[in-house]
Amino acid sequence: MKKISLLVLTVLLGLQVHSQVFTKDTTAIIANDGLWTFGGAWGDYDNDGYLDLFISNIYSDNILYHNNGDGTFTIADTSIIEHAGTYTRCGVWGDYDNDGNLDLFVACGGGNASVNNLLYNNNGDGTFTRIDTGNIVNDAGYSSGATWGDYNNDGYLDVFVTNGNTTSNFLYENNGDGTFTKITTGDVVADAATSATCTWVDYDRDGQLDLYVANWDVNYLYNNNGDGTFTRDTSAGDIITDNQSSTGSSWGDYNNDGYPDLYVANFNYENNNLYQNNGDGTFTRDTSAGEIINDGKRSTGSSWGDYDNDGDLDMMLSNWGSTNHFYTNNGDGTFTKDTVVAMALDQSASHAAVWGDYDLDGDVDLFVANGSNYNNFFYTNDGNLNGWINLKLVGTVSNASAIGAKVSILATINATPRWQYHDVMVETGYDGQNSLNVEFGLGNATVIDSIRIEWPSGIVWDTSNVNAKQFLTINERQTCDDLCVWPGDANADGIANVWDLLPISVAFGDTGAARVNASIDWKGQFADDWTNTLLEWNINNKYVDCNGDGEIEITDVSAVVQNYGLIHSKSSSSDSYSALNPDMYFEIRSGDIVPGSLVEVGIMVGRDTVEALRLFSYAFCINYDPQYIDSGSVNINFSNSFIFRDTNSFTLVQDFYTNGRVEAGLGNKNQINSAGSGEIGTMTFFVTDNVNGIMDSIRWLPIEFCNVQLIDSVGQELTVNTFKDSVVIEVVGIGDQTLPSSKIKIYPNPATHNLNVAFGNLQVEEIRLINAIGQVVYSEKISKPTIHNFDIVEFNNGIYFLELLSQQGIVRKAVILNQ
């Protein structure tokens, strides 16, 4: 008798281990609405730590259920989001304005009607404001799915919307000010299909969110090019060639190899598909995974979740008009269909299936949305003894919802070290959204050996020896001031300008760790410290690697150019000055100056008595009075500098005409100092020809240095005498002559291939093109008195000056050639 009892007990224990126990809750309010529900989305909208639930209905009001924290729900008093008659298909949570509160986007229409979608901004007090301006809520479409994701890595969530009825889908870029811009070009918005659902996922793990769209036809996979555009992938394998009636798509790393795999639910009694990510940008359709790929029904929702906390992802599949299915992951790449678990016993017109730990007991619970006026299904997970960890991620440099973050953990389960990998993503299956929290099962592990978070910003966070069975909130690094690089701010003073050429010169050729997700966009980007530092600036060389490619080279200057003048929190508004030998001064080289004259000014350093010693690179600015100088005519040329070294030198000039300031710098690649005196640059500009009411017979045109910085090859600053000096230019013989230059038209300007000049009523006899150093590169006598056209392809790009010689006088205008 004892032997029989022991045998029965063993069998019962075996069943308990195999089949997790769920309790179907038929009394909860979320399971008793009896509506036509398509979507369900878990999200803690009021930040009380408990998951709330939004459900979308097509023939009645939507409902937001507030989690009371005691295992029950009530309908939230937020009537603004209960909107009837719009055929709402799904809602997705995401903090698009980074204020710490989840906002809500609702896709409307589907195949039923072409209607506007809905966007609700969370006010932070439990209420919402409906947004009614912008394309994002005024583009009527047959929308059935939507997903949030920061596809351009600017720290703000963008939204993609799928449309049915063979129409194009929508993509809206977040402007960062609470508004969105509709993207109208590119494959992602040009491909017309009957699309059902969509998911942002970095399937190739290159740091850029890619996009998958499930269609009632071949499905689409768009690879993010990293420049704000996408290319539709045509070589990824079966994932983009299988032609079926796809409704749900769910991404998850079911085989724990560190890459997200894909499960696709198909509707017309077709088998569903499981695609294994090969880790090289391609996928292989799994044909040996078991019944999970052989149960052809009218499938809709699908959702990965480790329901038994054993360390691998299981699959919930909802069907329309037949019993729902549940598949347990065997841990060897195959699945077993569980026919005993509660959710595998119910049949309805099911749609979304979504996981979330609503009662904070460490295991995931399940909500299933049902249509045709059936009650929804709600299953509470009764749990087991396995370990778990629940992580809430809060972005500070990345988007606040941390959507797009990648989380990997290492734990020893059943004496075997095992890595697991999860993405923070939005839409799952068909019209569903799982909790944004990252939930890992740990089996019998009591300690997590390692946690690694790769944030969308590129910041990587690691920790170790974390106890199991706890809820953790992990904030992205609160500031980038000490840890992050701002591309173009090579000297780490808080602003990108010509002075950043100097550390590039000193550290030229040094190498170190490349930045993760490197770009030259103006935002803080996490970077590992390099071996070397610049002692004179007291900065690590990682800051000098402006483009983040791991090498300090000439291409780093492009980041300075792109972000010129931009400021971040460490900047100071005051310039620094020094006043020691040698002299730095101007040398006026032009003779009599009249309206329209080209003025040439030498920029000099050192004299015969005191030379400049150990001169390697330099940067400075010059202030001038813009009312007396032609717009666009100011230039500084370094080719005659006594330290200019042809291909070993690089220069940058930025003119801020409206502010009356030009900034310029010269850097060198080789670490060779020079000594001497003479010219280090030439400044040229045209005096304006519109002098009526501005000038008398003589006027003073002040120009003066500011923020002069000269360095040697190790970055030590060389002090100079007389900075902020002033130079006076005498303008004589002007009188009150005024030429009708305002009626002259030059187009296009900038010019690319041809330049057209319309003379108006000016009687032009000759036309000349003059380069920035005063050389006439083109001249022609004019026979046609009204218009002239000439080819510019033989000339180099840059600033030129068009000189028109007429009976009334001379007119000079600045033009830019940019071929």
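In what order do the six strands of the open sheet stand? The order is 5-4-3-2-35-34, with mixed pairing. Strands here are DSSP runs of E, at least two residues long, numbered from the N terminus, and two of them pair if DSSP finds at least two bridges between them. Strand 5 (73-75) and strand 34 (427-428) sit at the edges with a single partner strand each, so one side of each has no neighbour in the sheet. Further in, strand 3 (residues 52-57) and strand 4 (residues 63-67) run antiparallel and are joined by three bridges; Leu 53, for one, has Tyr 65 in strand 4 as its bridge partner.

A quick word on what you're looking at: this is a predicted model, where local features need pLDDT of at least 70 and side-chain atom pairs count only at pLDDT 80 or more, while totals for chains, interfaces and linings use all residues. Residues are numbered from 1 along each chain as its sequence is written, and side-chain values use heavy atoms, leaving out hydrogens and water.

Now for the charges. The whole structure holds 13 salt bridges (a side-chain nitrogen of Lys or Arg within 4 Å of a carboxyl oxygen of Asp or Glu). One of them pairs Lys 24 with Asp 346 at 3.1 Å, N to O. That links distant parts of the chain, 322 residues apart: Lys 24 is in strand 1 (residues 22-24), and Asp 346 is in the loop between strand 27 (335-337) and strand 28 (347-356). Asp 346 is buried at 11% relative accessible area (buried means under 20%, exposed over 50%, partly exposed in between, with a 1.4 Å probe and protein chains only), whereas Lys 24 is partly exposed at 33%.

How values were computed. Helices (H or I, at least four residues) and strands (E, at least two) are DSSP runs, numbered from the N terminus.
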